Amino acid sequence: MQLMPKPAPGFDDPLGLLRACHERILGHCDTLERLVSHLRQHGADQDAQLAAARILRYFQVGAPLHHEDEERDLFPALRAHSAFPAIQHRTLENLMAQHRELDKLWIQLEAALQSISAGAPADLTAQSYVALTRAHIAVEEREIFPLAERYLDAAALIALSHAMRARRQT
(Lines give C-alpha, C1' and ligand atoms only; values in the text may rest on other atoms or scores of the structure.)
Protein backbone atom coordinates (compact mmCIF):
# COMPACT_ATOMS: atom_id res chain seq x y z
CA MET A 1 0.00 0.00 0.00
CA GLN A 2 1.38 3.38 -1.01
CA LEU A 3 0.38 6.13 1.41
CA MET A 4 2.04 9.01 -0.37
CA PRO A 5 1.81 9.80 -4.05
CA LYS A 6 4.84 8.94 -6.11
CA PRO A 7 7.07 12.01 -6.50
CA ALA A 8 7.10 13.66 -9.89
CA PRO A 9 10.07 12.80 -12.09
CA GLY A 10 12.97 15.21 -12.05
CA PHE A 11 15.53 16.28 -14.60
CA ASP A 12 17.40 13.01 -14.08
CA ASP A 13 14.47 11.36 -15.92
CA PRO A 14 13.76 13.71 -18.84
CA LEU A 15 11.31 11.37 -20.59
CA GLY A 16 9.47 10.85 -17.31
CA LEU A 17 9.38 14.61 -16.86
CA LEU A 18 7.91 15.06 -20.34
CA ARG A 19 5.29 12.41 -19.58
CA ALA A 20 4.42 14.12 -16.29
CA CYS A 21 4.01 17.35 -18.23
CA HIS A 22 1.57 15.55 -20.53
CA GLU A 23 -0.41 14.46 -17.47
CA ARG A 24 -0.58 18.07 -16.26
CA ILE A 25 -1.60 19.29 -19.71
CA LEU A 26 -4.37 16.70 -19.89
CA GLY A 27 -5.50 17.64 -16.39
CA HIS A 28 -5.77 21.28 -17.45
CA CYS A 29 -7.70 20.19 -20.54
CA ASP A 30 -10.16 18.40 -18.24
CA THR A 31 -10.46 21.60 -16.21
CA LEU A 32 -11.05 23.60 -19.38
CA GLU A 33 -13.95 21.35 -20.30
CA ARG A 34 -15.44 21.61 -16.82
CA LEU A 35 -14.94 25.37 -16.90
CA VAL A 36 -16.98 25.70 -20.10
CA SER A 37 -19.88 23.92 -18.41
CA HIS A 38 -19.39 25.83 -15.16
CA LEU A 39 -19.52 29.18 -16.96
CA ARG A 40 -22.92 28.32 -18.45
CA GLN A 41 -24.36 27.68 -15.03
CA HIS A 42 -22.48 30.11 -12.77
CA GLY A 43 -20.77 32.68 -14.95
CA ALA A 44 -17.31 33.99 -14.12
CA ASP A 45 -17.66 33.40 -10.38
CA GLN A 46 -14.73 32.94 -8.00
CA ASP A 47 -14.29 29.24 -8.87
CA ALA A 48 -14.22 30.06 -12.58
CA GLN A 49 -11.74 32.88 -11.99
CA LEU A 50 -9.39 30.62 -10.04
CA ALA A 51 -9.61 27.83 -12.61
CA ALA A 52 -8.96 30.25 -15.48
CA ALA A 53 -5.97 31.75 -13.65
CA ARG A 54 -4.45 28.29 -13.03
CA ILE A 55 -4.92 27.26 -16.65
CA LEU A 56 -3.38 30.52 -17.83
CA ARG A 57 -0.34 30.14 -15.58
CA TYR A 58 0.38 26.66 -16.83
CA PHE A 59 -0.19 27.19 -20.53
CA GLN A 60 1.66 30.53 -20.62
CA VAL A 61 4.81 29.05 -19.07
CA GLY A 62 4.86 25.25 -18.88
CA ALA A 63 3.41 24.37 -22.25
CA PRO A 64 5.79 26.57 -24.32
CA LEU A 65 8.76 25.11 -22.44
CA HIS A 66 7.46 21.61 -23.13
CA HIS A 67 7.17 22.35 -26.85
CA GLU A 68 10.73 23.70 -26.85
CA ASP A 69 11.97 20.59 -25.03
CA GLU A 70 10.54 18.48 -27.80
CA GLU A 71 11.38 20.63 -30.83
CA ARG A 72 14.85 21.82 -29.85
CA ASP A 73 16.15 18.71 -28.13
CA LEU A 74 14.06 15.51 -28.15
CA PHE A 75 13.03 15.48 -31.81
CA PRO A 76 16.51 16.42 -33.14
CA ALA A 77 18.10 13.72 -30.95
CA LEU A 78 15.71 11.16 -32.41
CA ARG A 79 16.27 12.35 -35.99
CA ALA A 80 20.02 12.08 -35.48
CA HIS A 81 19.85 8.42 -34.47
CA SER A 82 20.70 6.18 -37.42
CA ALA A 83 18.05 3.59 -36.51
CA PHE A 84 15.20 6.09 -36.09
CA PRO A 85 12.55 4.92 -38.60
CA ALA A 86 12.35 7.14 -41.67
CA ILE A 87 8.56 7.06 -41.59
CA GLN A 88 8.62 8.66 -38.14
CA HIS A 89 10.36 11.77 -39.48
CA ARG A 90 7.01 12.75 -40.97
CA THR A 91 5.37 12.15 -37.59
CA LEU A 92 7.81 14.58 -35.98
CA GLU A 93 7.06 17.19 -38.67
CA ASN A 94 3.32 16.74 -38.05
CA LEU A 95 3.80 17.11 -34.30
CA MET A 96 5.71 20.36 -34.79
CA ALA A 97 2.97 21.63 -37.11
CA GLN A 98 0.45 20.74 -34.42
CA HIS A 99 2.46 22.83 -31.95
CA ARG A 100 1.98 25.82 -34.28
CA GLU A 101 -1.74 25.08 -34.57
CA LEU A 102 -2.05 24.78 -30.79
CA ASP A 103 -0.27 28.14 -30.46
CA LYS A 104 -2.87 29.74 -32.76
CA LEU A 105 -5.77 28.15 -30.91
CA TRP A 106 -4.23 29.20 -27.60
CA ILE A 107 -4.28 32.90 -28.57
CA GLN A 108 -8.09 32.84 -28.76
CA LEU A 109 -8.41 30.72 -25.66
CA GLU A 110 -5.98 32.89 -23.70
CA ALA A 111 -8.00 36.06 -24.28
CA ALA A 112 -11.18 34.42 -22.99
CA LEU A 113 -9.37 32.96 -19.96
CA GLN A 114 -7.88 36.36 -19.12
CA SER A 115 -11.36 37.87 -19.12
CA ILE A 116 -12.75 35.07 -16.99
CA SER A 117 -9.86 35.28 -14.51
CA ALA A 118 -10.72 38.98 -14.11
CA GLY A 119 -14.36 38.12 -13.42
CA ALA A 120 -15.70 39.26 -16.78
CA PRO A 121 -17.94 37.09 -18.91
CA ALA A 122 -16.32 35.56 -21.97
CA ASP A 123 -17.18 33.07 -24.66
CA LEU A 124 -14.88 30.16 -23.82
CA THR A 125 -14.61 27.75 -26.73
CA ALA A 126 -12.07 25.10 -25.85
CA GLN A 127 -13.22 22.05 -27.82
CA SER A 128 -10.76 22.39 -30.73
CA TYR A 129 -7.81 23.10 -28.45
CA VAL A 130 -8.61 20.23 -26.11
CA ALA A 131 -9.25 17.74 -28.93
CA LEU A 132 -6.02 18.58 -30.75
CA THR A 133 -4.04 18.52 -27.50
CA ARG A 134 -5.33 15.07 -26.59
CA ALA A 135 -4.68 13.68 -30.07
CA HIS A 136 -1.22 15.22 -30.12
CA ILE A 137 -0.24 13.76 -26.76
CA ALA A 138 -1.60 10.35 -27.75
CA VAL A 139 0.75 10.23 -30.75
CA GLU A 140 3.73 11.30 -28.69
CA GLU A 141 2.97 8.78 -25.95
CA ARG A 142 2.16 5.92 -28.31
CA GLU A 143 4.77 6.45 -31.03
CA ILE A 144 7.52 8.90 -30.14
CA PHE A 145 8.31 8.30 -26.48
CA PRO A 146 8.70 4.52 -26.90
CA LEU A 147 11.17 5.21 -29.73
CA ALA A 148 13.02 7.68 -27.51
CA GLU A 149 13.29 5.01 -24.82
CA ARG A 150 14.66 2.59 -27.38
CA TYR A 151 17.09 4.83 -29.26
CA LEU A 152 18.34 7.50 -26.87
CA ASP A 153 21.35 6.34 -24.91
CA ALA A 154 22.50 7.67 -21.55
CA ALA A 155 24.51 10.48 -23.13
CA ALA A 156 21.54 11.67 -25.20
CA LEU A 157 19.25 11.56 -22.17
CA ILE A 158 21.78 13.53 -20.11
CA ALA A 159 22.00 16.14 -22.88
CA LEU A 160 18.19 16.33 -22.99
CA SER A 161 18.10 16.68 -19.21
CA HIS A 162 20.69 19.49 -19.19
CA ALA A 163 18.88 21.38 -21.94
CA MET A 164 15.54 21.09 -20.15
CA ARG A 165 17.04 22.28 -16.87
CA ALA A 166 18.85 25.21 -18.51
CA ARG A 167 15.69 26.27 -20.34
CA ARG A 168 13.87 26.58 -17.03
CA GLN A 169 16.66 28.48 -15.28
CA THR A 170 16.73 31.41 -17.69
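This report walks through a predicted model of one protein chain, from its overall build to two single residues.

**The whole chain**

The protein chain holds five helices and zero strands. Read along the sequence, the pattern is α-α-α-α-α. Its C-alpha atoms fill a box of roughly 55 × 40 × 35 Å along the principal axes. The chain has 170 residues, and 42% of them count as buried.

**How the helices cross**

The table sets out their axes.

| Helix pair | Axes come within | Crossing angle | Handedness |
|---|---|---|---|
| α2 and α3 | 10 Å | roughly 165° | left-handed |
| α2 and α4 | 13 Å | roughly 35° | left-handed |
| α3 and α4 | 10 Å | roughly 155° | left-handed |

Start with α2 and α3. Helix α2 covers residues 46–80, and helix α3 covers residues 86–117. Their axes cross at roughly 165°. An angle over 145 degrees counts as roughly antiparallel. Therefore α2 and α3 are roughly antiparallel to each other. The residues of their contact divide into 14 nonpolar, seven polar and seven charged.

Next come α3 and α4. Helix α4 spans residues 127–151. The axes of α3 and α4 cross at roughly 155°, so these two helices are also roughly antiparallel to each other. On the α3 side, the contact includes Leu-92, Leu-95, His-99, Leu-102 and Trp-106. On the α4 side, it includes Tyr-129, Leu-132, His-136, Val-139 and Ile-144. By class, this contact has eleven nonpolar, seven polar and three charged residues.

From α2, the contact is made by Phe-59, His-66, Glu-70, Leu-74, Phe-75 and Leu-78. From α4, it is made by Tyr-129, His-136, Glu-140, Ile-144, Phe-145, Leu-147 and Ala-148. These residues divide into nine nonpolar, two polar and two charged.

Some α4 residues turn up in two of these contacts. Tyr-129, His-136, Glu-140, Ile-144 and Leu-147 are named in the contact with α3 and in the contact with α2.

**Glu-71, a residue of α2**

Glu-71 lies in helix α2. Which residues does Glu-71 touch, not counting those up to four places away in sequence? They are Pro-76, Met-96, His-99 and Arg-100. Take His-99 from that list. Glu-71 and His-99 are 28 residues apart in sequence. In space, their C-alpha atoms are 9.3 Å apart. His-99 also belongs to the α3 side of the contact with α4.

**Pro-146, a residue of α4**

Pro-146 has its place in helix α4. Is Pro-146 buried, exposed or partly exposed? Its relative accessibility is 33%, so it counts as partly exposed. Buried would need a value under 20%, and exposed a value over 50%.

Leaving out residues up to four places away in sequence, Pro-146 touches Arg-19, Glu-140 and Glu-141. Glu-140 is also part of the α4 side of the contact with α3. Pro-146 and Leu-15 are 131 residues apart in sequence. From C-alpha to C-alpha, they are 9.7 Å apart in space.

Conventions. Residues numbered from 1 in each chain as written. Predicted model: local features only at pLDDT ≥ 70, side-chain atom pairs only at ≥ 80, totals over all residues. Heavy atoms only, no water. Axes fitted to C-alpha atoms, helices over the stretch in contact; angles between N-to-C directions. Helix = DSSP H or I, 4+ residues; strand = E, 2+ residues; numbered from the N terminus. Parallel < 35°, antiparallel > 145°, perpendicular 65-115°, else oblique. Left-handed = near helix turned anticlockwise from the far one by under 90°. Contact = heavy atoms within 4.5 Å. Nonpolar A, V, L, I, M, F, W, Y, C, P; charged D, E, K, R; others polar. Buried < 20%, exposed > 50% of the residue type's maximum accessible area, 1.4 Å probe, protein only.
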